[in-house]
Amino acid sequence: MSLAQSMYLAVILSSLVLVIGTVRSRRAPRIRLVDAPTHEVWEIAFLAGGPGRVTDAAIAGMQEDGRLAVGGPGAVTVRRAVAHHPVEQAVLDALGRTPGGALSRLRGMVMRSPAVQEIGDRLADRGLMRRPRRGRGWRRMAHVQVAASAVLLLGGLLMTITGTAGDDAFTVPFVLRIAPAAILGIVVGSLCKLAHRGRLTPAGTLALRAAHAANSPGVVGGAVRPAAIVVALGGAALVADAVLRQQLLDAQSAMTTAADVSAASGDTTTTSSGDSGWDFSDGGSDVSWCGSADGGSGCGSSGCGGSSGCGGGSSCSSGSSCSSGSSCGSSCGSSSSD
């Protein structure tokens, strides 16, 4: 068997295994119809935007009824220390450990709190979301295949240029002979990586659509909707209070910028913490529910043992006590297997 044939065989086998594994890991669990709908604002927020959206909804709701005050530059203060839900209690607890009430720091701590993390576990148990660890190995394999295929193509080009491939004037250049295999490996690997971006199951998508329909302005009869449900469904950009809206958006931007700077410097312990999507980086050692449901964000700048690579590798902060039911890594609590 020639070198080119060996490369084709390796790429085809790797792609076949990768596709089968990705399809199996993305297979949605069977659920009972009674478990699909959700009317709780915190579950709706988690489905729509992950831990970040839950945190923003809690802060918006508590600011609306006067329990919190949010002002510039990103400072949060307590007016009435009253919580009606564990998520709101997590906000108060985190605020007590946040010097100066810095909103970006407060937001990251609440996102990693057991009260918020357990919402993701509950939704996963009901089949509305896929756990962070599910398919993690196949995501890594997809990364490896894309990188290996790119190296294969580059190596073939170098061998053709230097003449070490043994080509002559009457044969097709070596790089052209292996190019289809390399391109196949890159395309299959890239598609398999993209397949893991969605964290919602089909049932979760239907539940979220039902929540949007049930809370649309027309359905509620034109009544003013609570700030918490507005944020849960549409994000901080829809907050009516201009000051609060700007402070929440600034906090998201600050956390995302900090993560980008950390990544650029080669530090994989910090990931984005905006509200734009789920992060599937594999930089960390453990996993928690991080970011949001539609793209690439995470939980903040600190995690178990001082690291927090969210999505593919984030965890809870070393200062927080993860419950055994949360999806933090083994050093914070129990975690689901792939």
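A: Contact means heavy atoms within 4.5 Å. Helices (H or I, at least four residues) and strands (E, at least two) are DSSP runs, numbered from the N terminus. The model is predicted: local features need pLDDT of at least 70, side-chain atom pairs need 80 or more, and totals for chains, interfaces and linings use all residues. Residues are numbered from 1 along each chain as its sequence is written, and side-chain values use heavy atoms, with hydrogens and water left out.

Q: Good. How many helices and strands does the protein have?
A: It has 10 helices and two strands. Along the sequence the pattern reads α-α-β-β-α-α-α-α-α-α-α-α.

Q: And how do strand 1 and strand 2 pair?
A: In the antiparallel sense, over four bridges. Strand 1 covers residues 68-71 and strand 2 covers residues 75-78. For DSSP bridges, two strands count as paired when there are at least two between them.

Q: Which residue is the bridge partner of A69?
A: T77, in strand 2. Also, G71 stands opposite A75 of strand 2.

Q: What do strand 1 and strand 2 form?
A: A hairpin, with three residues between the strands. G74 sits in the turn and has a positive phi of about 65°.

Q: Switching to burial. What share of the 338 residues is buried?
A: Buried residues make up 50% of them. Buried means under 20% relative accessible area, exposed means over 50%, and partly exposed is in between (1.4 Å probe, protein chains only).

Q: Which residues of helix 3 are buried?
A: Helix 3 spans residues 86-96, and its buried residues are V87, E88, A90, V91, L92, A94 and L95.

Q: What covers those buried residues of helix 3?
A: The cover includes strand 1, strand 2, helix 2 (41-64), helix 4 (103-111) and helix 5 (114-125).

Q: Which residues line the second largest pocket?
A: Q63, E64, V224, R225, A227, V230, L238, V239, A240, D241 and L244. Helix 2 and helix 9 (227-234) each supply at least two residues of that lining.

Q: How does the lining divide into nonpolar, polar and charged?
A: Seven are nonpolar, one is polar and three are charged. Ala, Val, Leu, Ile, Met, Phe, Trp, Tyr, Cys and Pro count as nonpolar, Asp, Glu, Lys and Arg as charged, and the others, Gly among them, as polar.

Q: Tell me about L244. Is it buried or exposed?
A: L244 is buried, because its relative accessible area is 1%. L244 lies in helix 10 (residues 242-264).

Q: What does L244 touch?
A: I59, A60, Q63, V70 and V239, not counting residues up to four places away in sequence. L244 and D56 are 188 residues apart in sequence and 10.0 Å apart in space, C-alpha to C-alpha.

Q: And E64, where is its place?
A: In helix 2. E64 is partly exposed, with a relative accessible area of 46%. E64 touches R225, P226 and A227, leaving out residues up to four places away in sequence. The C-alpha atoms of E64 and D241 are separated by 8.7 Å, although 177 residues lie along the chain from one to the other.

Methods:
1 Å grid on protein atoms, 1.4 Å probe; cavity = no way out; pocket = protein on both sides within 12 Å on 5 of 7 lines; lining within 4 Å.
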